[in-house]
Amino acid sequence: MTENIAAGTPAHAASSPFDDYAGDPAVRAEWDSRYADRQQLWSGRPNGALVAEVAGLTPGRVLDVGCGEGADAVWLARGGWDVTALEVSGVALERAAGHARDADVAVHWVHAELTDAALAPGSFDLVSAQYPALLRTPDAAAERALIGAVSVGGVLLLVHHAGMDTRDPDESGFDPADYVWPSMVTALLGDDWVVEVDEQRARVAPDGGAGAHHTDDLVLRARRLR
C-alpha cells in the first residue's frame, strides 16, 4: 500500500459503510481520501512477490495486512486460503468486498489499524504484508504485531519497495523514518524464527495502478519454529 505513500492527501474524506473502525481516525481519513480520489487505485491483480512466495505453501489461515482493494485477498481465497483481510480505509474495503462478491469467495474483512485490530495472537499460518504503510513507534508496536500474529510453523511474508527506506524526506510530507521497513522486522526475529528469504529482487509488477514505476522489491520471508 505504500506505493502511494508519498502522494499528497486531499482535504476531504469519503464516507464508507465500514464504520466499525479500530484505530486513529486521522489515518482512516487520510487513506479514505486517497482512495476516493480515484475510481481504482491499484491494478486489480495480485502482487508478484506474493504469488511467487506462496506457491509452495499449503493453504491455511492467512492475514492480509493492508489489503487495499482486495486483489491479494481474492487471489488467496480462490487458492483455498481462509482469508482475513485488514485495511484502514473503508472506501478500499467497500471495493474489496465487491470484488470478493464478484469472485464468489468468502473473506473476513477487518476495518482497523494492525496495532488496534482484535486478532488472536499466533493464529495465522501466513501473515502477508505487501508494501504496507505501517507507522513506526518507539515500542515497535507494528513490527511486533506482524510477528505475533504468526502461528508456530507459519510464515511471515513482508515485501516492500527497494530504496524507499533510504529516500530523503520530501515536500509531500513523506519521511521514511516514520515507517516500518523489512530490516526493522528482521532485527526483532529471535531464535524461534528462521529467515528463509531476505533479498532484493526485480519486481514482477502488474500493469497499471499507483506505484507501477517501482522496479525492485525487498522480500522477507521468515518461518516461526516454535
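This is a predicted model: local features need pLDDT of at least 70, side-chain atom pairs count only at pLDDT 80 or more; totals for chains, interfaces and linings use all residues.
## Overall fold

The protein chain contains 6 helices and 7 strands. Read from the N terminus, its elements follow the order α-α-β-α-β-α-β-β-α-β-α-β-β. Of the 226 residues in the protein chain, 52% are buried. Contacts between residues at least 6 apart in sequence include 74% that join residues at least 24 apart.

## The sheet

The 7 strands make up an open sheet with mixed pairing, in the order S3-S2-S1-S4-S5-S7-S6. Its edges are strand S3 (107-111) and strand S6 (193-202), each of which pairs on one side only. From one strand to the next, the twist averages 15°.

Strand S1 (residues 61-65) and strand S4 (residues 124-130) run parallel and are joined by 4 bridges. Within this part of the sheet, Asp64 is placed opposite Ser128 in S4. Helix H4 (residues 90-103) packs on the sheet, where it touches S2 and S3. The direction of H4 makes about 175° with that of S3.

Gln130 has Val159 of S5 as its bridge partner. Strand S5 (residues 150-161) is mostly covered, with 10 of its 12 residues buried.

## Helix H3

Helix H3 (residues 71-78) is largely enclosed by the rest of the structure, because 6 of its 8 residues are buried. The buried residues of H3 are Ala71, Asp72, Ala73, Val74, Leu76 and Ala77. What do the buried residues of H3 pack against? Their surroundings consist of helix H2 (48-54), S1, S2, H4, S3 and S4. Just after H3, Gly80 adopts a positive phi of about 100°.

## Glu87

Glu87 belongs to strand S2 (residues 82-87). The residue is buried but has no salt bridge. Its nearest side chain of opposite charge is that of Arg28, 9.5 Å away. Which backbone atoms lie by the side chain of Glu87? One is the backbone nitrogen of Ser89, which the side chain of Glu87 reaches at 3.0 Å.

## Salt bridges

The count of salt bridges in the model comes to 9.

| Pair | Distance |
|---|---|
| Arg28 and Asp32 | 3.5 Å |
| Arg34 and Glu30 | 2.6 Å |
| Asp192 and Arg226 | 3.1 Å |

Arg28, the charged residue nearest to Glu87 among those of opposite charge, forms its salt bridge with Asp32. Arg28 and Asp32 are 4 residues apart in helix H1 (residues 25-36), so about one helical turn separates them. Arg28 counts as buried because its relative accessibility is 16%, which falls under the 20% limit. Asp32 is also counted as buried, at 2% relative accessibility.

The salt bridge between Arg34 and Glu30 likewise lies in helix H1, where the two are 4 residues apart and therefore separated by about one helical turn. Glu30 is partly exposed, with a relative accessible area of 24%.

Asp192 and Arg226 form a salt bridge of another kind of placement. Asp192 sits in the loop between helix H6 (182-186) and S6, and Arg226 in the segment after strand S7 (216-224), so the pair ties together parts that are 34 residues apart in sequence. Asp192 counts as partly exposed, at 33% relative accessibility.

Salt bridges that share partners connect Glu53, Glu196, Glu199, Arg201, Arg221 and Arg223 into one network.

Key:
Residues are numbered from 1 along each chain as its sequence is written. Side-chain values use heavy atoms; hydrogens and water are left out. Buried means under 20% relative accessible area, exposed over 50%, partly exposed in between (1.4 Å probe, protein chains only). Lys and Arg count as positive and Asp and Glu as negative; His and the chain ends are not counted. A salt bridge is a side-chain nitrogen of Lys or Arg within 4 Å of a carboxyl oxygen of Asp or Glu. A polar contact is a pair of N or O atoms within 3.5 Å; within protein, one must be able to donate a hydrogen and the other to accept it, and residues adjacent in sequence count only if both atoms are side-chain atoms. Two strands pair if DSSP finds at least two bridges between them. Axes are lines fitted to C-alpha atoms, for helices over the stretch in contact, and angles run from 0 to 180 degrees between N-to-C directions. Contact means heavy atoms within 4.5 Å.
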